[in-house]
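Subject: Handing over a structure, with notes

Dear colleague,

I am passing on a structure that you have not worked with before, and I would be grateful if you could look through it with the notes below beside you.

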Amino acid sequence: MITLGIETSCDDSAVGLYCSERKVLASLLATQLEHGATGGIVPEVASRAHLKNLPPVLRAALGEAGLGLADIDAIAVTRGPGLLGSLLVGLAFAQALGEAWGKPVLGVHHIEAHLVSNHLERDLVFPALALVISGGHSQIFQLRAPGDYALLATTRDDAAGEAFDKAAKVAGLGFPGGPVIERLATAGDPHAFPFPLARLTDGGLDFSFSGLKTAARLLWERVGPLSGQALADFCASYQSAIIRQLLDRLERALRGREAAACYLAGGVAANRTLLAAATARLAPAGILVHAPSPRFCTDNGAMVACAGALRLAAGRAAGAGLAPFSRGALKSWR
Ligand code: KG4
Ligand code: ZN
């Protein structure tokens with residue numbers, strides 16, 4: 001079965017083709033360069049760019065897979081959370097294709113798509129825990145089966161990706177911050193600068209990154225601007241503090257819970273230092289640690305197609321609704 005996935009929740013116009021038997025057939029996207037001059041995403045500009053980008057990206061994806069629209073069995077499209085105008089463009093595009101070609105259209109939650117990006121290169125195993133960390137989210141879920149998701153922890157303030165992006169901004173390293181901080185950190189000493197580990201007074205599992213962000217800014221104001229080895233040390237120490245908090249919460253979430261696997265997902269899961277640290281910590285306990293290849297960690301269409309395919313495989317047909325939403329928690333559908 002071949003599913004087409006369409007993702008337009010933010011500023012990437014992404015299309016993917018996923019085959020239940022052969023995995024990813026194509027995954028392409030157009031990144032919007034229109035926002036460079038404004039220093040932030042302008043919603044109307046993003047919507048207009050999706051309108052322009054989707055047809056050529058779809059054509060290119062079909063070409064890469066050697067398929068025509070008639071070969072597609074179903075269409076999956078992100079409903080939210082995200083920018084409403086951007087979501088509407090993707091949803092209208094998917095619905096028009098579904099009508100014209102007589103294919104079922106399924107609405108997908110963006111966080112579910114990130115979760116199942118771990119199914120794109122190897123089959124998911126259950127029960128599992130999943131850490132979804134992106135520019136807008138930091139959450140831990142318990143996965144008992146496809147469609148069965150229990151939220152265990154979320155962030156009290158900023159997301160992990162925001163923490164990377166903010167420190168990069170303070171250090172004048174540009175956007176997005178995660179990849180550049182990871183690259184510079186490889187030559188740095190993670191113990192050079194002390195950054196705190198946030199613990200909640202109620203002992204909860206939730207994340208908090210705002211204190212870390214402030215600590216980075218205050219440190220930079222005191223000792224910056226840094227360059228060369230000192231900058232590498234700053235990046236390594238800061239990244240290590242973020243990883244320390246992520247693993248602290250993950251290990252505590254695992255206590256008393258059965259898990260055959262621990263999945264990392266979302267843009268921050270592209271960080272291979274995090275993957276190596278999580279593997280070193282959890283693999284000795286017999287837990288499989290997996291993160292998708294970096295291109296499937298950040299927003300993409302293949303993960304949306306995969307989420308739709310898993311739902312169809314579980315006998316859940318289309319029709320759950322195609323209305324976009326800007327905010328909203330992931331709910332189980334099983
Ligand atoms: O999932 P994503 O592409 O978009 C959202 O849904 O937010 O995530 C983007 C975030 C950015 O904050 C970026 O800095 C972070 O993912 N990121 C990374 C890495 N690559 C991207 N963070 C740490 N290490 C990386 N290698
Ligand atoms: Zn995302």
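What radius of gyration would a compact globule of 334 residues have, and what does the protein chain have? For a compact globule the value would be near 20 Å, and the protein chain has 20 Å, which agrees; the radius is taken over C-alpha atoms, and the globule rule is 2.2 Å times the number of residues to the power 0.38.

Before the details, please note that this is a predicted model, in which local features need pLDDT of at least 70 and side-chain atom pairs count only at pLDDT 80 or more, while totals for chains, interfaces and linings use all residues. Residues are numbered from 1 along each chain as its sequence is written, chains are lettered from A and ligands numbered from 1 in the order in which they are written, and side-chain values use heavy atoms, with hydrogens and water left out.

The overall picture

Taken along the principal axes, the C-alpha atoms of the protein chain fill a box of roughly 60 × 50 × 35 Å. The protein chain holds 10 helices and 10 strands, which are DSSP runs numbered from the N terminus (helices are H or I with at least four residues, strands are E with at least two). Of the 334 residues, 55% are buried, where buried means under 20% relative accessible area, exposed means over 50% and partly exposed lies in between, with a 1.4 Å probe and protein chains only.

At the level of atoms, a polar backbone atom of Gly 135 is 2.8 Å from an oxygen atom of ligand 1, and a polar backbone atom of Gly 161 is 3.2 Å from an oxygen atom of ligand 1. A nitrogen atom of ligand 1 lies 3.1 Å from a polar side-chain atom of Asn 271. Taken alone, ligand 1 exposes 560 Å², of which the protein buries 86%; these areas come from the Shrake-Rupley method with a 1.4 Å probe.

Some individual residues

His 50 is found in helix α1 (residues 43-65) and counts as buried because its relative accessibility is 0%. A polar atom of the side chain of His 50 lies 2.8 Å from the backbone oxygen of Cys 10.

Two peptide bonds deserve a look. The bond from Phe 175 to Pro 176 is cis, with omega near -5 degrees, and Pro 176 has its place in the loop between α4 and α5. A cis peptide bond also joins Gly 224 and Pro 225, with omega about -5 degrees.

With kind regards

Methods
Polar contact = N/O pair within 3.5 Å; in protein donor to acceptor, adjacent residues only side chain to side chain.
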